[in-house]
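I opened this notebook to record what I looked up in the model.

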Amino acid sequence: MIKPFAITLKPGTSLANLTGTWRTERPVYLDRLPPCNNACPSGENIQGWLYHAESGDYEQAWRLLTEENPFPAVMGRVCYHPCENQCNRGKLDSPVGINSVERFLGDEAIKRGWKFSVPQHSSGRKVLIVGAGPSGLSAAYHLARMGHSVEIQEAGPLAGGMMRFGIPKYRLPRDVLDAEVQRILDLGVRLKLNSKVANIAQSMQDFDAAFLAVGAHIAKRAYIPAGDAAHIIDAVSMLRSMEGKEKPMLGRRVVVYGGGNTAIDVARTARRLGATDSIIVYRRTREKMPAHDFEVEEALQEGVMIKWLSTIRQADEGQLTVEKMRLDDKGMPEPTGEFETMEADSLVLALGQDVDLSLLEGVSNLEVKNGIVQVSDNMMTGYPGLFAGGDMVISERNVTVAAGHGKKAARHIDAFLRGASYEPQSKHELADYGKLNTWYYSDADKTVRPMLDIIRRQTSFDEVQGGLNETNALFEARRCLSCGNCFECDNCYGVCPDNAVIKLGPGKRFKFNYDYCKGCGLCATECPCGAIKMVPEEI
Amino acid sequence: MGFQPVKFYQTGTYTVGNRLLSPDQRSVQAGESRSNSINSGHRACQGCGEALGARYAIDAAMAESHGQLIAVNATGCLEVFSTPYPESSWQVPWIHSVFGNAPAVATGIAAAMKVKGKTEVRVVAQGGDGGTTDIGFGCLSGMFERNDDVLYICYDNEAYMNTGVQRSSATPPSARTATTMPVGPEPGNAFGQGKNLPEIAMAHGIPYVATATVADLRDLEYKVRRAMKMHGARYIHIFVPCPLGWGTASNDTIRIARLARESGLFPVFEAEQGEVTSVLKIRRKITVEEYLMPQKRFAHLFGSHPHPEMVARIQDIADRNIRKYGLLDEEAA
Ligand SMILES: Cc1cc2nc3c(=O)[nH]c(=O)nc-3n(C[C@H](O)[C@H](O)[C@H](O)COP(=O)(O)OP(=O)(O)OC[C@H]3O[C@@H](n4cnc5c(N)ncnc54)[C@H](O)[C@@H]3O)c2cc1C
Ligand SMILES: Cc1ncc(C[n+]2csc(CCOP(=O)(O)OP(=O)(O)O)c2C)c(N)n1
Ligand code: SF4
Ligand code: SF4
Ligand code: SF4
Ligand SMILES: [Mg+2]
């Protein structure tokens, strides 16, 4: 090489100067656990599937979502979305509409006919599932995908459990449910309807393991002295009969007793069946009501009335006797001795459900506490090979928990069948709000889902809440902050004054060049989503 | 018009890159093929804003000139940390002469290129605030006045950093430097002195003047590329925090620049032929305290013997900038 004019030493590049030796801290990439994922009872990788939805790759998003939960279209309608309560965006403006994007993906999958990939191998092992509710179906889905042969025995005439015989149509249209159930059956799952299991010990003899998911279907009773002609039915039977040909005859003035979501569904259903007055009687106040606030609100909008701080003492033909209550210091209701009467053509009791455990008779080593079968961390009962989940075990009773139990049980059953034990991956550290640099996110308020007009909500069983269209679903997905997980915004690559970040190309993220990284920490500070951490160097 | 930010697409144009934008909407810095004009191994301090700002600017100029660029450098940190003889981090043809003559050297190179008929080769000169506002000022004013075909970029870290943080005419009021110590009734650098070089440049009526910060990459790249599309004398003044001289954490360089802009203390705008044509609006307005407090050079304004009256005067400067340049959106105001 020709030396430049007046230069006596050979010119060189600064690459010879390894500034990495200056470092006292080093940046490292990590995946932190987004709070939404952490809160999802089905363990969905929400941040992960939103990432695909953000770029409009809805099928990929749907595939990642259904790795954990086979019911996005159902979830997008009935899940109480605890994920959104934890969403970091809630601290910025309002949470990402995770549930509405989930519904969009679920509906898109039905519309486009996306199918699950059928397992390539067969384990030769047979698993019996009792009950085709969300828990049983979810277990069946996961077990089938792991290559096991699955048979569901279901007492009822149709699959779905409380998704069909509890949740009303105006919240969950049945064609949506049918489509998501059918897709599971298409994996080769055998479904035997009208096949009540009377004795599990006997029924499971032909199988290598069994999963019980019979739900909780026995209506709880309250002792109410009643005249012969009083018309009293329980909520479960009433909602169940909505699925039959004969709709229940409730009359014009219907009183519903209870304060949970079921009471709300009954009252809203009664309204749609033509009741002019649909009145919920509840012994405490709105703040203490177990029903979700949004459901109470929707019911009130439809003209449902609620009588707070009241218990029913006596039921006679066409009339109820009600005692007023007050709350004591602990917030528990206590009687006041003041009575009044109210007219009622019928009284529906929505006081909760117990589990029918008769099929467990004769099973050894079972532990049952207060009418609830006890399972250990791996969802197995005391009887080896017999697992249980969903409403019948102790937990929150909802579709998402039930589906989560089905998945968890499936993983442990799979391990059990191999004589192994399933070790869940240890959870990553949480990507809480403080880990984010929210400067970089665009301002964007939550998209509101359309609601059916009020007249149709009072007179028909049409679905109340609408879905998002492609444009606003995409917008909503892109409100996600991608908490704790690199979304390739190139900030680290851009802000490093030392070019010490290597870009590996689309989808491949980045790596640090520790030969030159001085450990200034700019990349970690300017990473919007908290996917870089500074750790002390060992010196 | 100015830089038109993309408002949505998750992070819009706030982030360096954005996989949701079409390739032609992306930044130079996001590209794997950016020229990395100042390569790794340079000796700038950890988190140096000047090293970052220079790469942002020169990479953009390289992209706009399709690699046909010669860079001239005044003496200062940028020159010293990048090029200790006989090694250099520069990956562009680069020349350093002395402290005060970078504009004149650039003028000469531009003339030489013209004579040789190499019209595609463009010239950039660059220097620190000392080199620009003080010692190089005469040469620079001449370059402006002659409308020589050079883009001059000043990296403003508000003092003579390379020689140990002495005051320059770009040092802000009340800042501590080695020559403006925090003593006396009005500690730190004096109020009412110093030069506003962007406005002086505008007063020359040159084709293009702009200010920018290392916290606003997309705006900075837009301005460099726009300047490179023009001919004649152009001037860009880039705000580059210096962790060493300002007493800030090395990971705070970009945040501090952002706070300077959001407070109104450093107005970001562009001007053509001496007239302001666009400003970068404040997004989330802050008080000057928020900007001053994290910097040790302003520590004497706070703490056990605070100077709220001086903070108030600094706030006045910010407010005046906001009014003068219209930095607040109507609705945000
Ligand atoms: C009115 C109402 C509204 C609700 N609304 C919501 C809502 O909006 N969101 C939400 O998340 N949750 C809701 N829930 C709760 C949710 O439906 C349940 O938590 C969930 O369905 C429980 O799932 P599971 O699979 O455990 O049981 P289930 O859904 O009850 O399914 C159990 C299945 O097992 C079958 N079975 C029972 N015994 C036998 C036997 N011996 N042999 C064979 N089969 C048997 C049953 O026929 C049934 O099909 C609601 C519940 C009700 C009652
Ligand atoms: C004529 C002359 N006087 C003084 C110096 C010493 N000197 C070298 S760099 C420098 C300060 C540079 O300050 P600035 O231009 O602001 O650049 P910075 O280092 O802050 O980036 C000084 C005073 C010199 N090199 N030449
Ligand atoms: S912003 Fe996205 S990743 Fe973060 S909690 Fe919300 S949905 Fe999850
Ligand atoms: S910005 Fe660059 S030098 Fe600073 S810590 Fe990150 S990789 Fe290292
Ligand atoms: S003193 Fe300041 S300008 Fe100079 S290299 Fe260090 S951080 Fe950069
Ligand atoms: Mg300087």
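How many aromatic pairs does a search of the whole structure find over all chains? I found 20 aromatic pairs, counting rings of Phe, Tyr and Trp (its six-membered ring) whose centres lie within 6.5 Å, with planes under 30 degrees apart as stacked, over 60 as edge-to-face and the rest as tilted.

I note the basis of these entries: this is a predicted model, in which local features need pLDDT of at least 70 and side-chain atom pairs count only at pLDDT 80 or more, while totals for chains, interfaces and linings use all residues. Residues are numbered from 1 along each chain as its sequence is written, chains are lettered from A and ligands numbered from 1 in the order in which they are written, and side-chain values use heavy atoms, with hydrogens and water left out.

**Aromatic pairs.** I looked up A:Tyr170 and A:Phe461, a tilted pair at 6.3 Å centre to centre with 40° between the planes. A:Tyr170 sits in the loop between α8 (162-165) and α9 (174-185) of chain A, and A:Phe461 in the loop between α15 (454-459) and α16 (470-477) of chain A, so the pair ties together parts 291 residues apart in sequence. Helices here are DSSP runs (H or I, at least four residues), numbered from the N terminus. A:Tyr170 is buried at 0% relative accessible area, whereas A:Phe461 is partly exposed at 24%; buried means under 20%, exposed over 50% and partly exposed in between (1.4 Å probe, protein chains only).

I also recorded that ring pairs link A:Tyr29, A:Tyr493, A:Phe510, A:Phe512 and A:Tyr514 into a cluster.

**Magnesium site.** Which residues coordinate the magnesium ion (ligand 6)? I found B:Asp129 (OD), B:Asn157 (OD1) and B:Ala159 (O), at 2.0 to 2.1 Å. Donors are N, O and S atoms within 2.8 Å of the metal (3.2 Å for Na, K and Ca); water is not among the atoms, so the site may look incomplete. The donor residues are spaced D-x27-N-x1-A in sequence. B:Asn157 is buried at 5% relative accessible area, and B:Ala159 is buried at 4%.

**Ligand 4.** I counted 14 residues around ligand 4, the closest being A:Cys496, A:Cys517, A:Cys520, A:Gly521 and A:Cys523; a residue is near if one of its heavy atoms lies within 4 Å. The shell holds 10 nonpolar, two polar and two charged residues, where Ala, Val, Leu, Ile, Met, Phe, Trp, Tyr, Cys and Pro count as nonpolar, Asp, Glu, Lys and Arg as charged, and the others, Gly among them, as polar.

Terms used:
Helices (H or I, at least four residues) and strands (E, at least two) are DSSP runs, numbered from the N terminus.
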